[in-house]
Amino acid sequence: MSKNRFIIITLLVFLFTGTNAMISQNVNFKNPTENLIQPPYLKAGDTVAIVAPSGILKHRNEEVERAKRLLKQWNLNVVVGKHVFNQANHFAGTDQERCEDFQNALDNPNIKAIWCARGGYGTVRILDKLDYTKFLEQPKWIIGYSDITALHNQIHNLGVQSLHAMMCVSLPKDESEIEQTIATFKKAIFGETLSYTLEGSKYNQTGEVTAPIVGGNLTMLHTMLGSKTSVDTSGKILFIEEIGEYKYHIDRMLQSLKRAGYFDHCKGVIVGDMTKLRKNTTLWGTSIEQLILDALADYDFPIAFNMPAGHEEDNRALILGRNATLKVEKTKSTLVFE
């Protein structure tokens with residue numbers, strides 16, 4: 001065999017096997033420009049699984065009981081993962097136990113939604129242990145916020161919509177304290193129209209855009225950066241919220257995302273609650289709103305502040321991966337889901 005012929009054959013083999021390897025690694029991930037699959041809305045008689053993929057649920061039994069009662073009031077059936085109240089140091093059970101509960105909920109065709117009991121930290125430890133094959137055959141709603149942002153990103157990249165909404169531990173004894181939180185959660189899972197009018201802000205960057213919404217907790221979005229679970233914001237509206245951070249931490253995360261090109265083709269930003277910001281000994285010097293505007297000063301897309309979603313009691317539901325029209329003015333903003 002001639003040297004040239006050998007080189008040509010070697011290149012062909014490499015191209016063929018290399019291409020197949022790339023395809024196999026990405027076979028489950030959807031083209032970000034395609035419409036995401038909408039899981040079926042719930043109806044009376046459907047079953048919801050309560051699981052705990054993250055932090056420990058120590059002394060939180062009553063909140064889970066309230067969550068069960070709420071679902072039953074809506075004529076839904078409830079199953080609770082067998083490991084939900086387990087304790088493994090920081091976590092609600094070992095990685096294997098939390099993964100087992102979540103996998104069972106993903107695989108069970110009778111379960112139509114998976115409601116996360118709480119966030120905290122730990123979801124990222126089981127992301128790559130889960131098998132999404134049966135979930136993709138029969139998609140169902142994944143519900144939660146905060147640390148559950150890791151799952152939202154993963155599910156988004158698999159091409160399925162998910163629900164950024166309240167969790168079981170959000171429920172107080174008096175449900176009237178979070179009336180809108182509960183009402184929008186119910187609307188979202190039963191398929192009623194979601195639309196919001198947000199309080200105006202002098203910091204709003206005006207404009208109008210229609211695009212899918214992605215995002216969640218800023219720390220989790222930053223944590224996912226550079227991994228296959230990092231969400232592509234191209235052509236999308238990014239929602240962010242945060243709790244318990246210093247302002248300079250928030251700026252650092254935004255700068256990191258910016259340097260990675262996160263905002264280059266983004267169509268808009270919605271800023272949710274920035275809760276319990278910590279005070280540094282060296283003061284930042286501006287408001288959190290101005291910090292965000294300064295970090296995003298290179299972009300002319302609309303930016304809406306005052307979205308009641310995140311770690312406050314008023315935590316309105318957002319359908320991640322769903323098209324919505326965002327119209328931002330100084331006096332108010334509106335967000336209407338298709």
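Predicted model: local features only at pLDDT ≥ 70, side-chain atom pairs only at ≥ 80, totals over all residues.
Which residues of H6 are buried? They are Thr181, Ile182, Thr184, Phe185, Ala188 and Ile189. An α-helix has 3.6 residues a turn, so residues three or four places apart point the same way. The cover over the buried residues of H6 includes helix H2 (61-73) and strands E3 (111-116), E4 (141-144), E5 (162-164) and E6. Phe185 also shows up in a ring cluster, linked by ring pairs with Trp74, Trp115 and Phe190.

## The seven-stranded sheet

E6 takes us to an open sheet of seven strands, ordered E6-E13-E12-E7-E8-E9-E10, with mixed pairing. E6 (195-199) and E10 (303-304) are the edge strands: each has a single partner strand, so one side of each has no neighbour in the sheet.

At the E10 end, the pairing with E9 (residues 268-275) is parallel and rests on two bridges. If you want to find it in the viewer, look for Ile270, whose bridge partner in E10 is Ala304.

## Aromatic pairs

There are 10 aromatic pairs in total. One of them is Tyr246 with Tyr248, a stacked pair at 5.5 Å centre to centre with 20° between the planes. Are these two buried or partly exposed? Tyr246 is buried, at a relative accessible area of 17%, while Tyr248 comes out partly exposed at 32%. The cut-off for buried is under 20%, so Tyr246 falls inside it.

Phe263 and Tyr299 make a tilted pair, 5.9 Å centre to centre and 50° between the planes. This pair ties together distant parts of the chain, 36 residues apart: Phe263 lies in the loop between helix H8 (247-259) and E9, and Tyr299 in the loop between helix H9 (288-295) and E10. Phe263 counts as buried at 2% relative accessibility, and Tyr299 is buried too, at 13%.

## The whole chain

Zooming out, the protein has nine helices and 13 strands. Of its 338 residues, 51% count as buried. The exposed surface comes to about 15900 Å², with carbon and sulfur atoms supplying 49% of it. Among contacts between residues at least 6 apart in sequence, 79% join residues at least 24 apart.

How values were computed. Residues numbered from 1 in each chain as written. Heavy atoms only, no water. Pairing = 2+ DSSP bridges. Helix = DSSP H or I, 4+ residues; strand = E, 2+ residues; numbered from the N terminus. Buried < 20%, exposed > 50% of the residue type's maximum accessible area, 1.4 Å probe, protein only. Contact = heavy atoms within 4.5 Å. Areas by Shrake-Rupley, 256 points an atom, 1.4 Å probe, with all protein chains shown as cover. Phe/Tyr/Trp six-rings, centres within 6.5 Å; stacked < 30°, edge-to-face > 60°.
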